[in-house]
Amino acid sequence: MASFKSLPGFRDFYPEDLAPRTHLFRQWRQSAHAFGFQEYDAPVLESLDLYKAKSGDEIEGQLFNFTDKGEREVTLRPEMTPTVCRMVGAKANALKRPIKWFSIADLFRYERMQKGRGRCFAQFNADIFGEAGPEAEIELISLLIQCLRGMGLQSEDFHVRLSDRNLWFYYLEARGLGDEQVKAMLGAIDKFERLGEDAFEIYTKTHGAMSDDLKSAVLRMLAIKSLADLEAVVAELDNAQLTERLDDWRKVLGGLDAMGLSDFVSVDLGVVRGLAYYTGFVFEAFDRKGDLRALAGGGRYNDLVKKLGGPELPAVGFAIGDMTMELLLRERGLLPDVASRPDVYVVVGGAEERLEAFRDIAALRAVGYRVDYPMKDLGFGKQFKNATESGARIALIYGGDELAKGVVKLRDLSQREEVDVPREQVAEAVRDFLSG
Ligand code: HAM
């Protein structure tokens, strides 16, 4: 019979693969708790309608959807945002605001295979509902930075590129573009980094040629690198909406600066985000070298809860993916050695000694020590080899001679030194050795 493999883009997690992932999850959870976020979870299978025309064409084209046995149109979830909006929307009046929630969950997208992209990957999602002001952006961007710093990454390793779809709307509308034209232009800007000026075809193919003026206006925005640059562009235009919007920018950047996070944040209007629902500030985290695809992405989406049947509820959020994150940490040597190894390896003389040892093994495990022993009767030489290979720091030796004297031998596996320990003091001796 043919042997089976996991499907393309789906990963098996052997213990050595799972350990780094568990490390990521633990750090993310710790950061979210430090920021006062509460964890939620939800089903992996959702109704197809939840994503149709809401997440955007790109995600819609990548859905793992099918008709179930009850003739329902369903799909594995490609992202968490519509789900969390559905959940929050259903109980919005009962939830204390601001609602600060996070999740760690598997998602499914039928993507083209490439480095750092899979068809099943995990995301850490954090979202705030019920806060319309830029304070929510400050809280989330600082959480995003903390999630990456918690792994040992510094401002030389990554940055968060901050942009604003509102600013683009006001700026392009002031130049006479209508709603559809602005959307097409944002589609082009989304691809500009990869395609250069060829990206403008996304706009020109539906809206006709771009004037030189319009092109240079767009390029001017894309060249902005700081708040001062942005202020200079806005000052020239004398537009009330743009001027007012700058206050929000000052609040976000000022708040992040007060938290000591300025080095982690770049003003960069080249980020507009491919998902359809964003309505204001948007941001993405990238490695500084720019070798990898995005580490994280998010933004404000004030209309989505309502579009999915809930009340009007402003929202901001982001998600970090596990795959690029792990690649970057591996590249920087920041994945700790998290292999699980025993504290104590027990070596037994034979069947009788094994039963004697079981009593102490059970007692040591019950107080939290990691204890391992051979399942089969083996010679001492083979058992010591296993003990060393297990990575344990000490071996406890239950030989017939020792037990007759009422002791066991405690061997320091790195120094190869041994002492006799009275049976009733085994737990204390283990504790003293491991803590000293
Ligand atoms: P997204 O930009 O589609 O945003 O995904 C966020 C992150 O998930 C990406 O930066 C990337 O690290 C990871 N990711 C996405 N697709 C894949 C894939 N096929 N393979 C591996 N990793 C992937 C969202 O999903 C939004 N729902 C985020 C959000 C939350 N916005 C508001 N709240």
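This is a predicted model: local features need pLDDT of at least 70, side-chain atom pairs count only at pLDDT 80 or more; totals for chains, interfaces and linings use all residues.
Helices are DSSP runs of H or I with at least four residues, numbered from the N terminus. In these terms, Asn239 occupies the loop between helix H9 (227-237) and helix H10 (240-258).

**Ligand shell**

- Around the ligand there are 27 residues, of which Glu79, Thr81, Asp127, Arg273 and Tyr278 come nearest.
- By residue class, the shell around the ligand comprises 11 nonpolar, 10 polar and 6 charged residues.

**Polar contacts and burial of the ligand**

- A polar backbone atom of Ala294 lies 3.1 Å from an oxygen atom of the ligand.
- For Gly321, a polar backbone atom is 3.4 Å from a ligand oxygen atom.
- Thr324 contributes through its side chain, where an N or O atom is 3.4 Å from an oxygen atom of the ligand.
- The ligand exposes 660 Å² when taken alone, and the protein buries 96% of that.
- Two or more residues of the shell come from each of strand S6 (120-129), strand S10 (296-300), strand S11 (315-321) and helix H12 (322-331).

- The side chain of Asn239 reaches the backbone nitrogen of Gln241 at 3.0 Å.
- A polar atom of the Asn239 side chain also lies 2.9 Å from the backbone nitrogen of Leu242.

Conventions
Residues are numbered from 1 along each chain as its sequence is written. Side-chain values use heavy atoms; hydrogens and water are left out. A residue is near a molecule or strand if one of its heavy atoms lies within 4 Å of it. A polar contact is a pair of N or O atoms within 3.5 Å; within protein, one must be able to donate a hydrogen and the other to accept it, and residues adjacent in sequence count only if both atoms are side-chain atoms. Accessible areas come from the Shrake-Rupley method with a 1.4 Å probe; for residues, only the protein chains shown count as cover. Ala, Val, Leu, Ile, Met, Phe, Trp, Tyr, Cys and Pro count as nonpolar, Asp, Glu, Lys and Arg as charged, and the others, Gly among them, as polar.
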